[in-house]
Amino acid sequence: MQTFSESRFLQTPVVGILRGYTQAEVLQIAEIYQGAGFTNIEITMNTPNALAIIERLAEQYAGKLNVGAGTVLTIEVVDAVLVAGGQFIVSPVTDVDLIRYCTSKNIPVFPGAYTPTEIYQAWQAGARMVKVFPARDLGPTYIKDVLAPLDQLELMPTGGVTLENLEAYLEAGAKAFGMGGYLFDQALIEQENWEALRQHFDVFRKATIRS
């Protein structure tokens, strides 16, 4: 089983979130995504055949991508993901028991939290980073305000992160990003315009890397 690569995670600190795509679509997208230099990909568990997709990606991109599962809500699902070869766990909520279970298995977990109290609880329980979710209405200023008294935390805003606000989030102190629809352009995917998707990924990746 491949283990989570911290250096690979930090190489391009973006978790690309794929939800609802078929295995064939995911494999086509993943090839372009990895080729563009991205290093972390998440398949949400409410995607049909999510475990089979995770297993295939983990095999095909061993040593190239950290492959994880999102929308994880129970310990039973954590176990199933690990059997499939998943290397990290993402949840939309802060469940202290789930976080502690992942840390006991040495599996990085990115739990979702919204308020400063939830964010701190998730961090204290052992989150690798706390997924500030949904970040859309909170914005970069919220990240900056939370980190002012809690600067030991590492935050990963997710939901509403765009090319236009990436720099502001970086300036506010965000350490990584969860990106779904803005990164995986649905129109380009539906059109099977893979070259345009490659160029789209390249622009996003360059925006996330600070010189």
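Guide: Start with helix H4, residues 75-84, and helix H5, residues 96-104, in this predicted model. Their axes are 10 Å apart and the packing angle is about 30°. An angle under 35 degrees counts as roughly parallel, so H4 is roughly parallel to H5. The crossing of the two is right-handed.

Now the residues that meet. H4 brings Ile-75, Val-78 and Asp-79. H5 brings Asp-97, Leu-98, Tyr-101 and Cys-102. By class, five residues of this contact are nonpolar, two are charged and none is polar.

Next, the aromatic rings. The count of aromatic pairs comes to ten. One of them joins Phe-9 and Phe-110. The ring centres are 5.5 Å apart and the planes stand at 45°, so this pair is tilted. Phe-9 sits in helix H1, residues 6-11, while Phe-110 sits in strand S5, residues 109-113. The pair therefore ties together parts that are 101 residues apart in sequence. Both partners fall under the 20% limit for buried residues: Phe-9 has a relative accessibility of 1%, and Phe-110 has 0%. Ring pairs also link Phe-9 and Phe-110 with Phe-4 and Phe-88 in a cluster.

A second pair is formed by Phe-184 and Phe-201. Here the geometry is edge-to-face, with 5.6 Å from centre to centre and 85° between the planes. Phe-184 lies in the loop between strand S8 (177-179) and helix H9, and Phe-201 lies in helix H10, residues 194-208. This pair therefore ties together parts that are 17 residues apart in sequence. Phe-184 and Phe-201 are both buried.

Phe-184 leads on to Ile-189, which touches it. Ile-189 belongs to helix H9, residues 186-191. Its relative accessible area is 6%, so Ile-189 is buried. Leaving out residues up to four places away in sequence, Ile-189 touches Tyr-21, Ile-29, Phe-184, Trp-194 and Leu-197.

Definitions and conventions:
Residues are numbered from 1 along each chain as its sequence is written. This is a predicted model: local features need pLDDT of at least 70, side-chain atom pairs count only at pLDDT 80 or more; totals for chains, interfaces and linings use all residues. Side-chain values use heavy atoms; hydrogens and water are left out. Axes are lines fitted to C-alpha atoms, for helices over the stretch in contact, and angles run from 0 to 180 degrees between N-to-C directions. Helices (H or I, at least four residues) and strands (E, at least two) are DSSP runs, numbered from the N terminus. Angles under 35 degrees count as roughly parallel, over 145 as roughly antiparallel, 65 to 115 as roughly perpendicular and the rest as oblique. A crossing is left-handed if the near helix is turned anticlockwise from the far one by less than a right angle, and right-handed if clockwise. Contact means heavy atoms within 4.5 Å. Ala, Val, Leu, Ile, Met, Phe, Trp, Tyr, Cys and Pro count as nonpolar, Asp, Glu, Lys and Arg as charged, and the others, Gly among them, as polar. Buried means under 20% relative accessible area, exposed over 50%, partly exposed in between (1.4 Å probe, protein chains only). Rings of Phe, Tyr and Trp (its six-membered ring) pair if their centres lie within 6.5 Å; planes under 30 degrees apart count as stacked, over 60 as edge-to-face and the rest as tilted.
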